[in-house]
Amino acid sequence: MTQDDRTPLGHQYALAMLSGGADEVRELAEYAGTQLTLDAFLRVQDEEPVPAFLHSALCAMSLPTKRPKNEFEPIIREDGRYALAINPRPVLQDVDGKRVMKSLGVPFGSYPRVALIYILSQAVQQRSRDVFLGRNFTDWMRRLGYQTISYGPRGTANLMKQQVDRLLACEWQIRWDGGETDQNAFAVRDVKISNEYAGSLDKDGAFAREIRMSEVFYQHLVEHAVPLNEVAIRELKGTPTALDLYTYLAYRLPRVTAGRGQAISWDQLAKHLGNAADSKRFRQTVRETMQLVSSVYPNANIDVSGRKVVLHPSPAPLEKKLVGTHLRLVGVEPRKKRGGEGAKTKGANTAKQTVEDLLAFPSGSLQYGKREEAFLRIGRDKGAPWDVDLMAGEFRRGFPDVSRKRTEKEWLRVWESFVTSYAKRRKPC
């Protein structure tokens, strides 16, 4: 098997898995991959996807990957119709026994990214702005996928605490000018993710098990949440650029409609990922990072080999299938003809009826409508206690080839399978 430089490594792994199983994937990894990408691919392939969410603006514009030169200045990201400002506001702290107002600085690195995805995911899934973190800090870190947790000055727990404190003390401004058919312009100004948060530890030094998200941010998040796969996040949690690239593609690729794809400049991608433009090192970093990202998101159809980055229509990452419709390996294979001319005549007589019986998945709320009753009943019976319309939204975003018309019987079957799996994976805390 030869490697195509334009084909993401995850695509190649997925195709190898379909044709020859894990052994062929390992053989390909020896030739064209690495042990890191192989392990990530196999772990994500073996686990059922777990829904996670991030605000669309935070997918399009990222936090700093490294400590800024002046970490107390606001971070401003702007590219065309997108704008994001993160302002580190001072908070009340104890310094040498005195209470003073002090700025903690802006969040940076992988820790606040992982924490932010977890916090926003819990809010969306539980349909509540009260987010439960865990029984203690160690428990919460393990929920985030960290197995080795240390409490020294440079330990993982202390580094996470510092970044979470920075994250939740900041004030955010988000502006989106729209311009796409599926996006409306909006602006959210001068809000905090949590307006009742004073640090990872409460006044008695105990872990603050729950935070309350600000109402403004919560309401906006529910309307603009982008589905991710928590299993993939765990694999990427140590690399901020990989997390940024994954979340950007998870937001952008399912919205690409041009058949030939959409080209963006490296300068545009650099702005989205918060890096210096026109940097050969940046391009090389993205190309190397894409190998790992594609291992956990094999459906991400993107070409980073040329002078421009080309984004192709791709399914969302929240699905079990390894490859999407752009590789023509997901969906129903064309039926083989049976018999001779008699079969053709029979097919011609039933063709009109077959077309009439093919329907799209219901759009909008499942709470109303005659046709929607069967879907609503399955959602309530098999998906309790989760909100039926929330599950329907996840189904529309994550089910492969959801736009293809099917018979009502087939829709009800796949909907029941999805709802049952969703409720099983997302057991209430």
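This is a predicted model: local features need pLDDT of at least 70, side-chain atom pairs count only at pLDDT 80 or more; totals for chains, interfaces and linings use all residues.

Residues are numbered from 1 along each chain as its sequence is written, and side-chain values use heavy atoms, with hydrogens and water left out.

The protein chain has 15 helices and 15 strands, taken as DSSP runs (H or I of at least four residues for helices, E of at least two for strands, numbered from the N terminus). Of its 429 residues, 49% count as buried, a term that stands for under 20% relative accessible area with a 1.4 Å probe, protein chains only.

Aromatic rings of Phe, Tyr and Trp (its six-membered ring) pair if their centres lie within 6.5 Å, with planes under 30 degrees apart counted as stacked, over 60 as edge-to-face and the rest as tilted.

| Pair | Centre distance | Plane angle | Class |
|---|---|---|---|
| Phe 137 and Trp 140 | 5.8 Å | 70 degrees | edge-to-face |
| Phe 361 and Trp 415 | 5.7 Å | 50 degrees | tilted |

Phe 137 and Trp 140 are both buried, and they stand about one helical turn apart because they are 3 residues apart in helix α5 (residues 137-143). Phe 361, by contrast, lies in the loop between β14 (358-359) and α13 (372-383), and Trp 415 in helix α15 (residues 408-425), so their pair ties together parts that are 54 residues apart in sequence. Phe 361 is buried at a relative accessible area of 9%, and Trp 415 is buried at 0%.

How values were computed:
Buried means under 20% relative accessible area, exposed over 50%, partly exposed in between (1.4 Å probe, protein chains only).
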